[in-house]
Amino acid sequence: MRTFSLLKDTPIYNEQGELFGSVCDICIESNGRVTHLLLQKKGLMGKKFILPMEEVTSWEENGITLRAGEKLIPYCKDERTYTMTHDQPLAKIKTISPEGETLGLLDDVYFLEEMGTIVGYELTDGFFSDITKGKRIIRTPLPPQIREETLVMSVNKLRGGHDDEMSELPK
């Protein structure tokens with residue numbers, strides 16, 4: 001399992017060990033799946049490419065390895081796909097419950113690399129709140145509804161009315 005913040009700037013290599021570039025973002029579909037990595041290619045111009053998750057053969061802490069016949073596609077904005085920080089960014093977007101209760105701002109996502117499934121959302125209430133109370137990590141029974149300026153998340157309620165916060169995410 002990875003978070004976007006830990007994946008960002010991770011080097012990407014081909015099977016021969018040659019550096020291709022590094023991860024600069026992830027592409028998320030409205031169904032809550034990470035489908036592609038956004039790759040900043042090395043070089044003077046530093047062009048961006050999208051890489052389908054299926055082309056990754058190895059997820060290591062010190063780098064990601066691609067198949068021999070890597071399928072890099074030049075990056076261009078896609079209205080059906082969201083990213084964390086580039087076009088149609090989800091980072092720092094207001095997150096609310098279906099009832100309209102403010103949950104916080106989306107800060108990060110936890111996802112299973114091999115499947116691309118998002119299993120948790122890290123929310124922040126701001127810098128000072130993060131220091132005093134910490135960030136909240138929540139899971140939802142369904143992917144959030146992505147609206148123009150908000151994410152609508154159904155949050156499981158536990159006995160006592162508390163949000164279903166993850167104390168430990170699956171490995």
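Modeller: Buried means under 20% relative accessible area, exposed over 50%, and partly exposed in between, with a 1.4 Å probe and protein chains only. Buried residues make up 44% of the 171 residues in the protein chain. This is a predicted model, where local features need pLDDT of at least 70 and side-chain atom pairs count only at pLDDT 80 or more, while totals for chains, interfaces and linings use all residues. Residues are numbered from 1 along each chain as its sequence is written, and side-chain values use heavy atoms, with hydrogens and water left out.

Biologist: How many helices and strands does the protein chain have?

Modeller: Two helices and 15 strands. These are DSSP runs numbered from the N terminus, with helices being H or I of at least four residues and strands E of at least two.

Biologist: Which residues touch the most other members in the largest nonpolar core?

Modeller: Ile-26, Leu-37, Leu-106 and Val-109, out of 32 residues in that core. A nonpolar core is a set of buried Ala, Val, Leu, Ile, Met, Phe, Trp, Tyr and Cys residues joined through side-chain atoms within 4.5 Å. Elements giving two or more residues to the core include α1 (4-7), β3, β4, β11 (102-111) and β12 (118-124).

Biologist: Where does this core lie relative to the domains?

Modeller: Domain 1 (2-83) and domain 2 (93-152) both contribute residues, so the core lies between them. The domain bounds come from an automatic or database domain assignment.

Biologist: And what does Ile-26 touch?

Modeller: Leaving out residues up to four places away in sequence, its partners include Phe-4, Leu-7, Leu-37, Tyr-82, Val-109 and Phe-111. Contact means heavy atoms within 4.5 Å.

Biologist: Now the holes. How many cavities of 30 Å³ or more are there?

Modeller: One. About 60 Å³ of space lies in the largest cavity. On a 1 Å grid over the protein atoms alone, a cavity is a set of points where a 1.4 Å probe fits but cannot get out; a pocket is an open set with protein on both sides within 12 Å along at least five of seven lines; lining residues have an atom within 4 Å of a point. Grid points are joined across faces, edges and corners, and a volume is the space filled by probe spheres set on the points.

Biologist: What lines the largest cavity?

Modeller: Among the lining residues are Ile-28, Glu-29, Leu-106, Val-109, Tyr-121 and Pro-144. By class, the lining has nine nonpolar, two polar and one charged residues. At least three lining residues come from each of domain 1 and domain 2.

Biologist: How much space lies in the largest pocket?

Modeller: About 150 Å³. It has 13 lining residues, and the closest to its centre are Cys-27, Ile-50, Cys-76, Asp-78 and Thr-81. β3 (19-29), β4 (34-41) and β9 (81-83) each supply at least two residues of that lining.

Biologist: Change of topic. Is Glu-122 buried or exposed?

Modeller: Buried, at 12% relative accessibility. Glu-122 is in strand β12. Beyond its neighbours within four places in sequence, Glu-122 is in contact with residues including Asp-107, Asp-108, Lys-135 and Arg-136.

Biologist: What about the phi of Asp-9?

Modeller: Positive, about 75 degrees, although Asp-9 is not a glycine. Asp-9 is in the loop between α1 and β2 (11-13) and is exposed, with a relative accessible area of 55%.

Biologist: And Gln-88, what is its phi?

Modeller: Also positive, about 50 degrees. Gln-88 is in the loop between β9 and β10 (94-96) and counts as partly exposed at 22% relative accessibility.

Methods:
Ala, Val, Leu, Ile, Met, Phe, Trp, Tyr, Cys and Pro count as nonpolar, Asp, Glu, Lys and Arg as charged, and the others, Gly among them, as polar.
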